[in-house]
Amino acid sequence: MEKMSRVTTVLTGRTMHCHLDAPANAISVCRDAAQVVVAGRSIFKVYAIEEEQFVEKLNLRVGRKPSLNLSCADVVWHQMDENLLATAATNGVVVTWNLGRPSRNKQDQLFTEHKRTVNKVCFHPTEAHVLLSGSQDGFMKCFDLRRKDSVSTFSGQSESVRDVQFSIRDYFTFASTFENGNVQLWDIRRPDRCERMFTAHNGPVFCCDWHPEDRGWLATGGRDKMVKVWDVTTPRAREVHCVQTIASVARVKWRPECRHHLATCSMMVDHNIYVWDVRRPFVPAAMFEEHRDVTTGIAWRHPHDPSFLLSGSKDSTLCQHLFRDASQPVERANPEGLCYGLFGDLAFAAKESLVATESGRKPYAGDRRHPIFFKRKLDLAEPFAGMACSALSVFETETSGSGISWFVDTAQRYALAGRPLAELCDHNAKVARELGRNQVAQTWTMLRIIYCSPGLVPSTNLNHSVGKGSSGGLQLMNSFNLKEMTPGLGGETWLDRSKGDTRSDTVLLDSSATLITNEDNEETEGSDVPADYLLGDVEGDEEELYLLDPDHTHPEEPEYVLPQEAFPLRHEIVDTPPGPEHLQDKADSPHVSGNEADAASLVPVDPSFSLISVSRALHDSRLPPDFFSTLVRDMLHFYAEQGDVQICLNQASTSLHVNCSHCMRPMSGRGWVCGRCHRCASMCAVCHHVVKGLFVWCQGCSHGGHLQHIMKWLEGSSHCPAGCGHLCEYS
Amino acid sequence: MAEEENEVRWDGLCSRDSSARETALENIRQIVARKVEHLRASRLTGSRAPDAALDAVNRLLAHLLMLSQRCPFQDVREKSELILKSAQELGIRIPRPLGHGPSRFIPEKEILQVGSEDAQMHALFADSFAALGRLDNITLVMVFHPQYLESFLKTQHYLLQMDGPLPLHYRHYIGIMAAARHQCSYLVNLHVNDFLHVGGDPKWLNGLENAPQKLQNLGELNKVLAHRPWLITKEHIEGLLKAEEHSWSLAELVHAVVLLTHYHSLASFTFGCGISPEIHCDGGHTFRPPSVSNYCICDITNGNHNVEEMQVNSAGNVSVSESFFEVEALMEKMKQLQECRDEEEASQEEMASRFEIEKRESMFVFSSGESNSYQVNDYCWEDHGYSLVNRLYPDVGQLIDEKFHIAYNLTYNTMAMHKDVDTSMLRRAIWNYIHCMFGIRYDDYDYGEINQLLDRSFKVYIKTVVCTPEKVTKRMYDSFWRQFKHSEKVHVNLLLIEARMQAELLYALRAITRYMT
């Protein structure tokens with residue numbers, strides 16, 4: 001350790017302070033670590049640092065008429081020459097002092113080149129005669145002390161210079177910081193332009209300090225309350241660390257022998273000095289709280305001793321702080337933290353030792369009355385320096401697996417029609433809350449707020465099919481009737497359990513009759529695809545209900561988002577990623593539901609999938625986009641993925657829009673005649689008539705026709721009735 | 001007659017959507033028509049219309065008059081004029097604007113006409129109009145310096161309408177308090193309207209003693225801040241913060257202080273540029289027909305009258321050349337000062353005495369024994385004030401900082417007829433002179449420069465605008481910098497108000513800082 005060997009004597013001392021006659025603006029330490037100079041507006045003194053106290057050694061403020069040249073903004077002691085000092089005066093003068101002069105007045109040279117206050121002076125770390133100054137007038141000047149005036153001037157483009165610092169490692173480099181937030185790196189030999197410039201802070205950069213060992217690490221502090229550490233060896237200056245303090249940063253000084261430590265003091269409000277480990281930017285490693293007013297100058301007493309810090313303050317005191325006497329905020333910090341998440345999750349951080357002792361216990365063991373238990377999901381122990389090791393645990397609530405009684409309950413008690421939407425929402429929210437599903441309850445409440453505030457209800461013709469539908473036997477919920485759930489619509493609360501049961505019974509009992517009932521409904525007429533399915537789960541996993549309600553009567557539809565495809569529904573379903581495809585395929589063929597043999601195979605279908613697709617298709621195509629706020633759509637998707645279809649169903653309408661099989665235009669108007677090419681789109685391949693009722697079609701060749709006709713045909717032949725040669729498959 | 005139905009909603013006009021404006025205008029037209037019809041009916045039947053109704057109609061018409069002249073949207077201007085015309089045809093007396101233009105000092109033709117602004121200015125106008133529902137005369141005068149105006153409006157908008165610790169009506173009331181300190185009826189009128197608009201209690205307007213105790217407590221600070229900010233001590237602050245149930249929070253106090261200083265300096269601007277009353281406010285319009293001689297006292301005062309211009313010319317032939325030399329002499333001095341900077345170094349005493357001389361001359365209100373000067377290095381805006389404001393009233397520090405910067409650095413490198421002049425020295429002299437009046441001293445400034453650069457009449461003007469703005473006369477305005485353009489005089493005013501605001505803020509914030517430490 002060559003560096004260490006330079007520490008000839010071991011420093012001793014204690015935490016102490018002495019009173020100055022006036023506020024200090026800056027301090028600087030002699031290289032022998034035994035003297036400190038304090039400078040301010042009306043003070044300029046050298047103190048000897050003794051074991052027990054500071055002893056005033058020299059008053060440099062002499063003369064009967066104190067000149068403004070003595071009003072110091074900054075002072076610096078040469079690190080090579082014990083007799084050489086420089087001060088920056090508030091009137092723009094740079095003064096050097098030679099303590100070796102025999103006379104009482106030690107003033108050596110006077111440079112009056114700056115027009116405004118000089119904010120900072122800095123000696124070259126190794127060169128005996130080179131002095132640098134930075135001023136409010138936007139110039140930096142380099143002086144050779146053997147000459148009368150500056151040897152070079154560096155222009156900061158009329159931005160005030162707040163700090164200048166020679167690099168400790170690179171002989172020719174210095175850094176300067178500016179009031180506009182920039183930092184510039186200069187080569188002392190090239191005064192014409194700076195080598196590098198980058199914006200370091202928002203607002204003035206008050207200070208900077210080169211790392212004593214790491215070449216190219218520069219710490220800057222600014223009015224934006226940040227300390228940033230930059231690596232300037234890379235082509236672009238890179239921010240390596242950032243410490244957020246609580247007040248603007250006036251000074252920053254790297255701590256000797258501690259690679260990641262730096263000391264800061266602030267310009268306003270906060271009087272303490274902090275020592276930070278830049279890797280732990282949230283809690284200071286140490287804190288000195290001696291001063292009663294803002295600290296204006298800090299200096300480490302010896303460049304290789306990390307435990308002595310000197311500071312001067314506006315409260316007119318000079319302090320020596322010992323690191324071992326510093327208060328450590330970490331000790332005072334409460335290492336445990338507890339917080340609830342949005343969905344009732346619970347995060348808990350604690351010292352690792354504490355967590356370890358408790359991990360033997362079962363967290364949910366105690367009280368069985370609580371239907372939730374905690375599950376430890378994640379453990380992020382941080383192997384970080386010493387004491388502050390904490391473990392973070394996140395617990396999530398899990399619904400008890402004891403069954404789906406809430407599901408049944410919900411199904412029975414939800415009201416989806418028959419009353420104004422606001423009331424429905426309120427009712428459902430209440431139901432959900434009683435079942436302990438608070439988030440769902442919140443959702444209902446929000447829905448009410450979103451859709452039931454006055455003035456929000458648009459007069460879109462959203463439910464024009466409702467009136468007709470209510471007459472039809474199997475009209476489905478035509479959802480999001482936002483004006484209000486009209487009683488007409490309410491006539492078909494298809495989640496209403498009793499009705500749902502009877503209906504599904506009908507479907508299951510009669511193979512084709514159910515489907516034929518739809519023919520009564522004029523809206524179901526004529527489509528070249530089995531346009532719509534609604535997969536209802538009336539009783540959890542017991543039955544599946546396929547309902548068919550092609551509905552094409554929306555001539556004023558604003559836009560179609562469906563793909564330009566003849567089989568939109570199928571594509572929609574295929575879109576939903578993990579769906580069990582064979583089941584979806586079956587679902588596409590309506591007569592399956594009438595086929596008792598297959599009923600069993602339908603049972604395990606996750607009810608949500610088709611529902612998602614159906615509802616998505618509807619939202620996309622049916623409702624004006626602004627009306628159906630994306631938020632609500634997201635919400636629906638969310639619940640659908642959770643498998644909670646009971647909410648989603650409420651939204652699900654069953655209409656679907658189809659494209660003409662000839663010209664690929666969306667069908668409008670009557671549904672079976674394309675308004676554009678004036679051809680009948682959906683012809684029965686068997687009887688060659690327009691299909692106005694149920695249409696069944698082969699997914700392979702897309703030919704099809706009246707259900708009965710096709711069924712009859714298939715009894716005799718398995719080839720396509722249209723003669724395309726396809727071996728049709730109907731499930 | 002249902003009052004609510006006839007309640008005029010002006011805010012629709014602020015919309016950037018022309019169809020929304022259209023609807024609002026149509027609505028207003030119908031209301032006017034109804035009211036006018038009502039008036040006419042009662043007149044025909046011989047019964048005198050109730051004064052209140054007449055009053056309401058007149059207020060309405062005055063507002064329309066303002067819109068017809070000052071709305072940045074052309075459609076509104078035209079339609080308002082039409083509505084007025086149609087009212088006139090029905091035999092209703094319609095108002096006409098009094099005076100000419102937004103300023104009594106600056107001839108109307110010098111000032112940008114609404115409707116002839118460029119895109120950037122139009123955007124500014126539209127912003128201002130959208131925020132306040134009017135385009136006030138201050139804006140129209142400040143638009144000489146659009147860069148500054150933008151920052152000014154942004155700050156003002158933030159102070160008055162955005163998130164902040166004080167309720168809206170408090171903000172306007174504090175504005176009224178501050179403006180009233182300088183008897184600035186213009187600002188008071190404006191903010192009385194705003195105050196009522198945001199739901200302020202009209203009773204408060206009868207005097208500070210009718211306002212809540214909390215606001216009354218602020219009166220003292222307002223007074224000191226406006227006239228002798230250096231007397232503010234931490235006891236003042238303590239008194240406000242620790243007043244039982246009437247105490248202010250620190251954040252509220254900073255908000256209030258910023259508002260007070262803003263309106264003190266805005267009052268300076270109002271008087272310094274001779275801002276005329278708003279068209280729709282008292283004194284901005286008249287219902288009397290123009291007199292036969294077409295002679296109006298205000299025409300004379302703002303130089304719009306031909307006769308006066310002739311007088312100036314006949315009497316001013318000499319003075320023109322004279323003032324021409326003024327500019328030349330000023331330029332010469334600036335050059336000299338720039339060149340021979342390194343003269344004999346003045347001692348601290350010498351410098352201090354120069355400062356003291358300047359200060360004594362500038363302050364006619366100083367009583368001896370008030371030790372009031374402090375060095376700016378001890379407490380300056382950039383390092384200290386900004387941090388404190390931003391800490392207690394986030395974002396405002398940034399906005400004000402920006403405004404100070406723009407005002408201080410604004411230059412077009414022109415001086416009267418000269419181009420490419422570095423005016424930084426002159427601007428610094430003005431800025432420091434104002435701070436000197438407030439006892440704020442810069443170590444790195446030689447106050448001898450002020451004497452060389454600012455002549456007597458200019459100093460008188462500055463002093464009056466900054467300290468006792470209500471005493472500014474057109475004569476003062478005219479007699480300084482006679483060859484300079486009006487825009488340059490407005491520029492000077494911007495420097496004055498910003499320097500004043502900063503000085504007041506510094507004293508107030510220093511006291512708050514002292515209280516906190």
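Contact here means heavy atoms within 4.5 Å. The structure described below is a predicted model.

**Helix α8 of chain B**

Helix α8(B) comprises residues 168–181 of chain B. Elements that cover its buried residues include α7 (146–161), α9 (185–197), α10 (213–227) and α12 (250–272) of chain B. Of the 14 residues in α8(B), 10 are buried, and the helix is thus mostly covered. Among the buried residues are B:Y170, B:R171, B:H172 and B:Y173, together with B:M177. The length of α8(B) agrees with expectation, because 14 residues at 1.5 Å a residue should span 20 Å and the end C-alpha atoms are 20 Å apart. Just after the helix, B:Q183 adopts a positive phi of about 50°.

**A buried lysine in chain B**

B:K459 belongs to helix α20 of chain B, residues 456–467. With a relative accessible area of 8%, B:K459 counts as buried, because the cut-off for that term is under 20%. The side chain of B:K459 makes a polar contact of 2.6 Å with the side chain of B:N451.

**Strand β28 of chain A**

Strand β28(A) spans residues 317–322, and six of its six residues are buried, so the strand is largely enclosed by the rest of the structure. In a regular strand the side chains alternate between the two faces of the sheet. Both faces of β28(A) are covered: A:T317, A:C319 and A:H321 are buried on one side, and A:L318, A:Q320 and A:L322 are buried on the other.

β28(A) pairs with two strands, as tabulated here.

| β1(A) | 16–19 | antiparallel | four | A:C18 |

β27(A) and β28(A) form a hairpin with three residues between them. In that turn, A:S316 has a positive phi of about 65°.

**Confidence in chain A**

The average pLDDT of chain A is 70, and 60% of its residues score at least 70. Over residues 455–625 of chain A the pLDDT is below 50, although this stretch has 348 contacts in the model beyond near neighbours in sequence. Residues 358–387 of chain A also stay under 50, with 43 contacts beyond four places in sequence. Where pLDDT is low, the predicted coordinates should not be read in detail.

Note on methods. Residues are numbered from 1 along each chain as its sequence is written. Chains are lettered from A and ligands numbered from 1 in the order in which they are written. This is a predicted model: local features need pLDDT of at least 70, side-chain atom pairs count only at pLDDT 80 or more; totals for chains, interfaces and linings use all residues. Side-chain values use heavy atoms; hydrogens and water are left out. Buried means under 20% relative accessible area, exposed over 50%, partly exposed in between (1.4 Å probe, protein chains only). Two strands pair if DSSP finds at least two bridges between them. A polar contact is a pair of N or O atoms within 3.5 Å; within protein, one must be able to donate a hydrogen and the other to accept it, and residues adjacent in sequence count only if both atoms are side-chain atoms. The expected span of a helix is 1.5 Å times one less than its number of residues. pLDDT is the predictor's confidence in each residue, from 0 to 100.
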